[in-house]
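Thanks for coming. I will go through one model this morning, starting with terms and then moving from the sheets to the core.

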Amino acid sequence: QVQLVESGGGLVQAGGSLRLSCAASGSIGSIKAMGWYRQAPEKQRELVARISSGGSTNYADSVKGRFTISRDNAKNTVSLQMNSLRPEDTAVYYCNADIRRIGVTFSLDYWGQGTQVTVSS
């Protein structure tokens, strides 16, 4: 079993900051990419930021310069620092990780349960 558990969502005013964290636990052999996605009401889920096991990052254009993704490979965690938040950043944010379980030769996509981020104007 593998679990991703997110924390850190909440309500913030426009211009404010939030930090999301996600911890992977269970029978983990290795983790490749980790990332954050978000889904606003009546919209498709979209990539926010992603980070490889080596630390390479990519961001959605809408968050570049405002959000920073980081990970701790020793702790199997990924974080998203969100600054200069805007009302359009309001969404449910999901943690995602490409994980190979112990004793298995292939990796699978795992998702967290989601955490609500609401930015008021």
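When I say that two strands pair, I mean that DSSP finds at least two bridges between them. Strands themselves are DSSP runs of E with at least two residues, helices are runs of H or I with at least four, and both are numbered from the N terminus.

Now the source. This is a predicted model, in which local features need pLDDT of at least 70 and side-chain atom pairs count only at pLDDT 80 or more, while totals for chains, interfaces and linings use all residues. Residues are numbered from 1 along each chain as its sequence is written, and side-chain values use heavy atoms, with hydrogens and water left out.

First, the chain as a whole. The protein chain has eleven strands and zero helices. Its radius of gyration is 14 Å, close to the 14 Å that the globule rule gives for 121 residues, so the chain is as compact as a globular protein of that length. That radius is taken over C-alpha atoms, and the rule is 2.2 Å times the number of residues to the power 0.38. Along the principal axes, the C-alpha atoms fill a box of roughly 50 × 25 × 25 Å.

Of the 121 residues, 40% count as buried. Buried means under 20% relative accessible area, exposed means over 50%, and partly exposed is in between, with a 1.4 Å probe and protein chains only. The accessible surface of the chain is about 6,400 Å², and 47% of that belongs to carbon and sulfur atoms. Those areas come from the Shrake-Rupley method with a 1.4 Å probe, and for residues only the protein chains shown count as cover.

For contacts, the cut-off is heavy atoms within 4.5 Å. Among contacts in the chain with a separation of 6 or more, 57% are between residues 24 or more positions apart.

Next, the open sheet. Four strands make it up, in the order S1-S3-S8-S7, with antiparallel pairing. S1 and S7 stand at the edges with a single partner strand each, so one side of each has no neighbour in the sheet. On average, neighbouring strands here are turned by 15° against each other, direction ignored. For such angles, axes are lines fitted to C-alpha atoms, for helices over the stretch in contact, and angles run from 0 to 180 degrees between N-to-C directions.

Going across this sheet, S1 (residues 2-7) and S3 (residues 18-26) are joined by six bridges, and Val-5 has Ala-23 in S3 as its bridge partner. Finally, S7 and S8 are antiparallel over six bridges, with Arg-71 opposite Val-78 in S8.

Now S9. Which strands does S9 pair with? Nine bridges join S4 to S9 in an antiparallel arrangement, and Trp-36 stands opposite Cys-95 there. S9 and S11 run antiparallel, with three bridges between them, and Ala-91 has Val-117 in S11 as its bridge partner. S9 is mostly covered, as eight of its eleven residues are buried.

That brings me to the core. By nonpolar core I mean a set of buried Ala, Val, Leu, Ile, Met, Phe, Trp, Tyr and Cys residues joined through side-chain atoms within 4.5 Å. The largest one has 30 residues, and those with the most contacts inside it are Trp-36, Leu-80, Met-82, Tyr-93 and Ile-99. Elements that give two or more residues to this core include S1, S3, S8 and S9. S9 supplies the largest share, five residues.

Two residues to look at before I stop. Leaving aside neighbours within four places in sequence, Ile-99 is in contact with residues including Val-2, Leu-4, Ile-28, Phe-106 and Tyr-110. Leu-4 lies in S1. Is Leu-4 buried or exposed? Leu-4 is buried, because its relative accessible area is 6%. Not counting residues up to four places away in sequence, Leu-4 touches Cys-22, Cys-95, Ile-99 and Trp-111, among others.
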